[in-house]
Amino acid sequence: VQLVESGGGLVQPGGSLRLSCAASGYTFSNYAVSWVRQAPGKGLEWVSRVSAKGDSTSYADSVKGRATISRDNAKNTLYLQMNSLKSEDTAVYYCVKDYWTSPWYSHDYWGQGTQVTVSS
């Protein structure tokens, strides 16, 4: 399993960014996928999840209304569109493969992460 993120960078407050994650080594369309981030000096924070078919999404309160997760199963690619970025969105963003272990999801494979820095 390989997950490779891209699209991070330096953006001004109020700006937008689109992260991508290219997945390989497994049947991408069979599994939910999440974005998880880690801000400097802080723990991991789950950001968003999309279901295997892309018909169900969920978001952390911290990004709700500003983020949109999506996937293209034909391209084995996950996306995260982030708008109205704030300094507190500064973090390393990880693409994470999920699997269902009732009654919740668990993570089993992680990408290497992409840095997002929101600063003027």
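## Strand E9 and its neighbours

Let's start where Thr 101 meets its bridge partner: that is Trp 104, in E10. The two strands here, E9 (residues 91-101) and E10 (residues 104-110), form a hairpin with 2 residues between them. They pair in the antiparallel sense over 6 bridges. Two strands count as paired if DSSP finds at least two bridges between them, and the strands themselves are DSSP runs of at least two residues, labelled E and numbered from the N terminus (helices, H or I, need at least four). This is a predicted model, so bear in mind that local features need pLDDT of at least 70, that side-chain atom pairs count only at pLDDT 80 or more, and that totals for chains, interfaces and linings use all residues. Residues are numbered from 1 along each chain as its sequence is written, and side-chain values use heavy atoms, with hydrogens and water left out.

## The turn and a surface patch

Look into the loop between E9 and E10 and you'll find Pro 103. The peptide bond leading from Ser 102 to Pro 103 is cis, with omega near 10 degrees. For context, most residues other than glycine have a negative phi, and most peptide bonds are trans.

What do Trp 100, Trp 104 and Tyr 105 form on the surface? They make a nonpolar patch, with about 390 Å² of accessible area together. Patches are built from residues with over 30% relative accessible area and no salt bridge, joining like charges within 9 Å and nonpolar side chains (Val, Leu, Ile, Met, Phe, Trp, Tyr) within 5 Å. The areas come from the Shrake-Rupley method with a 1.4 Å probe, and for residues only the protein chains shown count as cover. Of this trio, Trp 100 sits in strand E9.

## One disulfide

The structure holds 1 disulfide (a pair of cysteine sulfur atoms within 2.5 Å). Cys 21 is joined to Cys 95, with an S to S distance of 2.1 Å. Cys 21 lies in strand E3 (residues 17-24) and Cys 95 in strand E9, so the pair ties together parts that are 74 residues apart in sequence. The torsion about their S-S bond is about -75 degrees, which means the disulfide is left-handed.

Both Cys 21 and Cys 95 are buried. Here buried means under 20% relative accessible area, exposed means over 50%, and partly exposed is in between (1.4 Å probe, protein chains only).

## Salt bridges

There are 6 salt bridges in the structure, each one a side-chain nitrogen of Lys or Arg within 4 Å of a carboxyl oxygen of Asp or Glu. Asp 89 takes part in one with Arg 37, the closest N and O atoms being 2.9 Å apart. Asp 89 lies in the loop between strand E8 (77-82) and E9, while Arg 37 lies in strand E4, so this pair links parts 52 residues apart in sequence. Asp 89 also forms a salt bridge with Arg 66, at 2.7 Å between the closest N and O atoms. Arg 66 is in the loop between strand E6 (57-59) and strand E7 (67-72), so that pair ties together parts 23 residues apart in sequence. Asp 89 and Arg 37 are both buried, and Arg 66 is buried as well.

Another salt bridge brings Asp 98 and Arg 49 together (2.7 Å, N to O). Asp 98 is in strand E9 and Arg 49 in strand E5 (residues 44-50), so the pair ties together parts that are 49 residues apart in sequence. Asp 98 counts as buried because its relative accessibility is 0%, and Arg 49 counts as buried at 14%.

## Some residues to look up

Asn 76, in the loop between E7 and E8, has a phi near 55 degrees, a positive value in a residue other than glycine. With a relative accessible area of 28%, Asn 76 is partly exposed. Ser 84 lies in the loop between E8 and E9, and its phi is also positive, near 50 degrees.

Is Leu 10 buried or exposed? Leu 10 counts as exposed, at 66% relative accessibility. Leu 10 belongs to strand E2 (residues 9-11) and touches Thr 117 and Ser 119, leaving aside residues up to four places away in sequence; touching means heavy atoms within 4.5 Å.
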